[in-house]
Amino acid sequence: MVYLNLAVLWFLALGMAAVAAYVIRRATIASSPFDVVLVLFLLGMMGSMAGGFLLYESSPGVVSLEVALFSGMWVMVIGLGYLLATLVADRKWEEGRRLSLPFRASVIVGALTLELVMSFALAIAAGDLPVPARSAPIYTLLASGLASKWFLLPMALEMGLSVWLARRDIPTFLLVVLSLQPLIMLLSPTAFPALTYWVVGSVLAGGSAMTIVFVFVMESFYRRPSLSRPIFEYLVVLCFIFAAMMAGLSLWTYNGMVGLFALGLVAEMALFFNAILLPDRLSAGEAVPYREQAWPMFSLIFGVFLAEFFMGALFDFALDGPTGFLASLPLPLVSVGPSFLPATGTLFYDVIAFATGVLGSVWFLIMMGAEMGALIVFKIRETRHRETRVRLSLILGAYSIYAILLPSFVIPPTVLPSVPLVGWSMGFGTGGGFIPPLFLVLAFTYLIAGTLSLLFGARQMCSTLCTAAMMYQGTFYDSLKGFNRRSHVGNKLLGSRLSRLYGVIFSLSWVSIMAAGAISYLNYVGVLHLTVYGTDVAYATEVIYFNLIWYLLFISIPFVGVYACVSTGYCYWGTFNQILGRLGFFRLKARDPSTCVTCPTHDCTRACPVGLTDLPPNFIAKGEFRALKCIGVGDCVESCPYDNITFWDVRHWVREKLGGSSPKSRPVPLRMTSPSPKTSVTRAQTVETTRWDGPAPR
Ligand code: SF4
Ligand code: SF4
């Protein structure tokens, strides 16, 4: 009997959602005042029925039943009167008239209210919710109703059916995003809070669906640099709404507060139904090249990043338990620290500690790996050169094994600091302090990394082993390298010449990490007692550098360019490898320097993600290019229309010593067989027309 009751209640919930989806579709195609009144009448009818149901369930009895029926009847009578009046008037709108904002707002508010009232009534009828006390705060009541399964599941169905009914009118690009939104709604962990497997499973599945949305959006942006304004705005707002929902769910797993999540849900539904109600508006207007505009692109990157950050926090809370995760933070929360800091200082410290904790957590890295890894796979598919394809594949392997599997799942945390390279993935500070028991491990770390850089260049680190390679080299983020030239800061850092700005940043990073190491050592020998709330200063510095500043630079791509960690010289681990790379075997070689003299495109000068714009003069003068900042990404090799650039490292040196062929003897023109005679230029002209800021080739 209980099951039969439940089946009837679910039938009612889902049936009402299906009818509401149909009514929304009617609203979308409304072409006359009659259609408008019909939609409002149907919504009003269903709303009064749901309200009557709620009234009766809240206070079962003859009186409540009579009130419910009476009020429902009046709604029907008044509505029918209006309906007949508009039917008789028989007016039509002129072609192309849009639905007015008040009408759209009424439909959205009506549909949401209907579902909410219905969900309360059904939850009370099913015994899932006690009759709300009169004294209960209205916002608590609303939030708990919105987060319940009686609201979420029917609403997911209503959204899904609405998309399906409007599928022919929605641009394909947005259709994919809109189709995934009902799924994300369905996978809300608050629907069945008592079922642990549902909470964990839905967090993972919902996070995956959201990740698919981000991958799709980024890849689509890569493939179509211009987009209509309504679609762009929809995507940006959606990212921020996702961020609010993820933050709300993190809060819910932490202390049971559901308000922020509910607010995010309402915002998402309003955005969603507004798009569904006016599908033709979405592709209206001129396509705008947003990928070239700093602030719009920043808002998109920031929105995606914020959502990813809170998704990472949610994963950490759901999978490790909120208290378990907070206890594992690399910097202790100030609540256990000294009390002399003012309240704003403690709050600031707490925020930094939490942010760095999430950004350095394994679940955040796994989620980012899935997302950025997909973009790398797309990049591999369109990469021509085998060597670059192999390196891109190595990024995926290195990220999975070196950044995630070994340090988080294979090597116990207590053993990790005694493993060179793996336990010290970002060099100084990663594994712990600068203390005598770790000197040997640290020395081996630098010895291994330094030797690899000498032999193969800094690309072994900056474009393979380091997690930055995964973040920057996928299709979408790599395509933003135009900001290296366009942005104010990026422009100052172009070319292989080390600018004053670079020198300052480079010096500051090395001085700071050396000072942190000295403090760490002096603490150990008992001369000083200076820690960051009990955490070693060198370790804390490394955390701030790589779990905070690095990500700030990453989201600031439109203002500093891509790979800012390399172009600014701020990463002391990277510059160590880059210096040895510069001294070692690695370089780029021109198969035929004279081709660069007559090259009409100089594509290589625009291809470098680090902003090395002075390749041609070096090729022309020396036949090769070597630079401290060259990390061997290989985009220049890919971009050259004459396939004129090759990598050269210890392997080629050995081969040449053994009498093998050098890259120079293998010209493989790909897209052009020779420079067009019409566009042939002299070397002087080449130098004049190519933008490079480096020193004159020596
Ligand atoms: S500069 Fe540092 S953070 Fe950037 S890629 Fe190299 S090692 Fe990684
Ligand atoms: S695109 Fe190729 S041929 Fe042209 S300047 Fe660059 S390396 Fe030389």
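Ala, Val, Leu, Ile, Met, Phe, Trp, Tyr, Cys and Pro count here as nonpolar, Asp, Glu, Lys and Arg as charged, and the others, Gly among them, as polar. On that scheme, the shell around ligand 2 divides into nine nonpolar, four polar and one charged residue. The model is predicted. The shell holds 14 residues in total. Of these, C596, C599, C604, P616 and C640 come nearest to the ligand. Cys and Pro both fall in the nonpolar class. Two helices, α28 (593-598) and α30 (615-622), each supply at least two residues of the shell. The most comes from α30, which gives three residues.

The protein chain is assigned four domains. Domain 1 is made of two segments, 1-89 and 99-136. Domain 2 covers 170-328.

The contact between domain 1 and domain 2 was examined next. Taken over C-alpha atoms, the centres of the two domains are 29 Å apart. Nine residues of domain 1 and nine residues of domain 2 take part in the contact. On the side of domain 1 that touches domain 2, the elements giving two or more residues are α1 (2-28) and α4 (101-125). Helix α4 provides the largest share of that side, with five residues. By class, this side of domain 1 consists of seven nonpolar residues, one polar and one charged.

A residue is buried if 20 or more other C-beta atoms lie within 10 Å of its own. In α6, 14 of the 17 residues are buried, so the helix is largely enclosed by the rest of the structure.

Strand β3 comprises residues 587-590. Four bridges join β3 to β5 in the antiparallel sense. Across this pairing, K589 stands opposite T646 in β5.

Definitions and conventions. Residues numbered from 1 in each chain as written. Chains lettered and ligands numbered in written order. Predicted model: local features only at pLDDT ≥ 70, side-chain atom pairs only at ≥ 80, totals over all residues. Near = placed C-beta within 6 Å. Domains from an automatic or database assignment. Contact = placed C-beta atoms within 7 Å. Buried ≥ 20, exposed ≤ 12 C-beta atoms within 10 Å, placed from the backbone. Pairing = 2+ DSSP bridges.
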